[in-house]
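Welcome, and thanks for taking a look at this one. Please have the sequence and the 3D view open side by side as you read.

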Amino acid sequence: MGRRARQRWVKYPPENVYFSSDGRNIEESVVLTVSEFEAMRLKHYINFNQKDAAEKMGVSQPTFSRMLERAHQKVTQALYEGKSIHVHGGNIDYKTSFLGYGCLSCNNEWEDQQASKERIVECPNCDSKKVYYLVREHV
Ligand SMILES: [Zn+2]
């Protein structure tokens with residue numbers, strides 16, 4: 001029968017889905033935070049288990065699990081609705097490294113080249129102390 005016999009099972013073919021990091025098509029995109037994206041990368045790309053991935057990000061396992069769940073919801077929405085995925089968090093994209101912090105209270109994320117697990121700071125946005133260390137290495 002050839003190609004014509006093939007059936008499409010999805011409403012939007014994959015070519016409609018692309019990664020955008022430059023803010024284009026912002027109204028047609030879902031926004032992932034750096035931490036949500038990092039949670040997915042550690043779990044599904046590097047294949048850490050949740051315990052090791054949580055440790056790597058310096059958060060508790062339940063917190064890690066919530067980040068991952070939110071990330072899955074957003075990515076599922078983007079795929080299903082044919083939207084692009086925008087990773088928020090300073091001037092970064094998925095190919096570059098990111099060193100900084102994220103805030104559990106207001107979801108703010110900022111870059112800090114001196115950031116470390118031993119030097120946890122307050123959120124500059126809301127003064128919260130519920131801040132986690134965020135590092136993304138180019139792998
Ligand atoms: Zn904050």
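Here is a short briefing on a helix pair, a strand hairpin and the cysteines. Please keep in mind that this is a predicted model.

**Helix packing**

- Helix α1, residues 34-45, packs against helix α3, residues 61-81, at an angle of about 100 degrees.
- The axes of α1 and α3 lie 8 Å apart.
- Since angles from 65 to 115 degrees count as roughly perpendicular, α1 is roughly perpendicular to α3.
- On the α1 side, the contact is made by S35, E36, A39, M40, K43 and H44.
- From α3, the contributing residues are F64, M67, L68, R70, A71, H72, K74 and V75.
- By residue class, the contact of α1 with α3 divides into 7 nonpolar, 3 polar and 4 charged residues.

- Strand β4 spans residues 98-103 and is mostly covered, with 6 of its 6 residues buried.
- F98, G100 and G102 point one way from β4, while L99, Y101 and C103 point the other way.
- Strand β5, residues 109-111, runs antiparallel to β4 and is joined to β4 by 3 bridges.
- Within this pairing, G102 stands opposite E109 of β5.
- The hairpin formed by β4 and β5 has 5 residues between the strands.
- In the turn, N107 has a positive phi of about 70 degrees.

**Cysteines**

- The structure holds 0 disulfides.
- C123 has a relative accessibility of 1%, so C123 counts as buried.
- C126, with a relative accessible area of 34%, is partly exposed.
- C103 of β4 is buried.

Note on methods: Residues numbered from 1 in each chain as written. Predicted model: local features only at pLDDT ≥ 70, side-chain atom pairs only at ≥ 80, totals over all residues. Heavy atoms only, no water. Axes fitted to C-alpha atoms, helices over the stretch in contact; angles between N-to-C directions. Helix = DSSP H or I, 4+ residues; strand = E, 2+ residues; numbered from the N terminus. Parallel < 35°, antiparallel > 145°, perpendicular 65-115°, else oblique. Contact = heavy atoms within 4.5 Å. Nonpolar A, V, L, I, M, F, W, Y, C, P; charged D, E, K, R; others polar. Disulfide = S-S within 2.5 Å. Buried < 20%, exposed > 50% of the residue type's maximum accessible area, 1.4 Å probe, protein only. Pairing = 2+ DSSP bridges.
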